[in-house]
Amino acid sequence: MTTGTRTPAEARTPRSWLREHSEIGVGVLLLLLGVLVLTDALTMDVDLTQRGPVGPRTVPVVVGTGLLLVAVLLAVDVLRGGRGEAEGGEDIDLSEPSDWRTVLLLAGVFLAHAVLIGPLGFPVSGALLFWGSAYALGSRHYDRDPLIAAGLSLATYFVFDNLLGVPLPGGPLMEVL
């Protein structure tokens, strides 16, 4: 198939058609995601005090509609023969095996953050998340990374909690600060 010549039997198999039009799968995923977002948005219970020209449904409806539109446009493009091209600047060597250690370390850090955010609060669990992610991705500055992670976590907490009005769990550290 890589040479561009096919036998008539290969041209008719569903598997070969799907390989040539694999971007259809992305379109189906976008379509399903758009339907999910629109369904959630349109079945959302909205309090009378939250109604107005731009209520809590507006953004999800716009995003869901955009997802549906992109899914349809992508499917039409693929069926007309459009193909996605690899980026010229990709630095991924597909012949190398996956780095499962990094993937598992990141998954463990995110899971630990989800478990610890309740009892320890966002500042502490966020600092562990930021430091653990930096470590998993290869940073070995043991003196600098925890300080940057703590500062980033505290800054994120105060921006969300005080400036944006999005309450994050403070944990026992907030009694001290």
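I began with the UniProt annotation "transmembrane region", which in this unreviewed entry covers residues 24–46, 58–76, 103–135 and 147–168; UniProt positions are given in the numbering used here, feature names are shortened, and annotations may be inferred rather than shown by experiment. I noted that residues are numbered from 1 along each chain as its sequence is written, and that side-chain values use heavy atoms, with hydrogens and water left out. The model is predicted, so I kept in mind that local features need pLDDT of at least 70 and that side-chain atom pairs count only at pLDDT 80 or more, while totals for chains, interfaces and linings use all residues.

**Two annotated stretches**

I looked up residues 24–46 and found the chain there to be 83% helix and 0% strand, with the end C-alpha atoms 35 Å apart. Helices (H or I, at least four residues) and strands (E, at least two) are DSSP runs, numbered from the N terminus. For residues 103–135 I found 97% helix and 0% strand, with the end C-alpha atoms 12 Å apart.

**Helix 5 and what follows**

After helix 5 comes Gly121, whose phi is positive, near 90°.

Which residues of helix 5 are buried? I listed Thr102, Leu106, Val109 and His113, where buried means under 20% relative accessible area, exposed over 50% and partly exposed in between (1.4 Å probe, protein chains only). These buried residues of helix 5 pack against helix 6.

**Across to helix 6**

His113 lies in helix 5 (residues 100–120), and I count His113 as buried because its relative accessibility is 14%. Leaving aside neighbours within four places in sequence, His113 is in contact (heavy atoms within 4.5 Å) with Phe122, Ser125, Gly126 and Leu129. The C-alpha atoms of His113 and Leu129 are separated by 5.9 Å, although the two are 16 residues apart along the chain.

From the helix 6 side I checked Ser133, which counts as buried at 15% relative accessibility. With neighbours within four places in sequence set aside, Ser133 is in contact with Leu106 and Val109.

**Aromatic rings**

How many aromatic pairs does a search of the whole structure find? I recorded two; rings of Phe, Tyr and Trp (its six-membered ring) pair if their centres lie within 6.5 Å, and planes under 30 degrees apart count as stacked, over 60 as edge-to-face and the rest as tilted. Trp131 and Tyr135 form a stacked pair, at 5.8 Å centre to centre and 25° between the planes. They are four residues apart in helix 6 (residues 122–136), so about one helical turn separates them. Trp131 is partly exposed at 31% relative accessibility, and Tyr135 is partly exposed with a relative accessible area of 25%.

Tyr157 is buried at 6% relative accessible area, whereas Phe158 is partly exposed at 36%.

Last, I found the charged end of Arg140 over the ring of Tyr135, 3.9 Å from its centre; the criterion is NZ of Lys or CZ of Arg within 6 Å of the ring centre and within 35 degrees of the ring normal.
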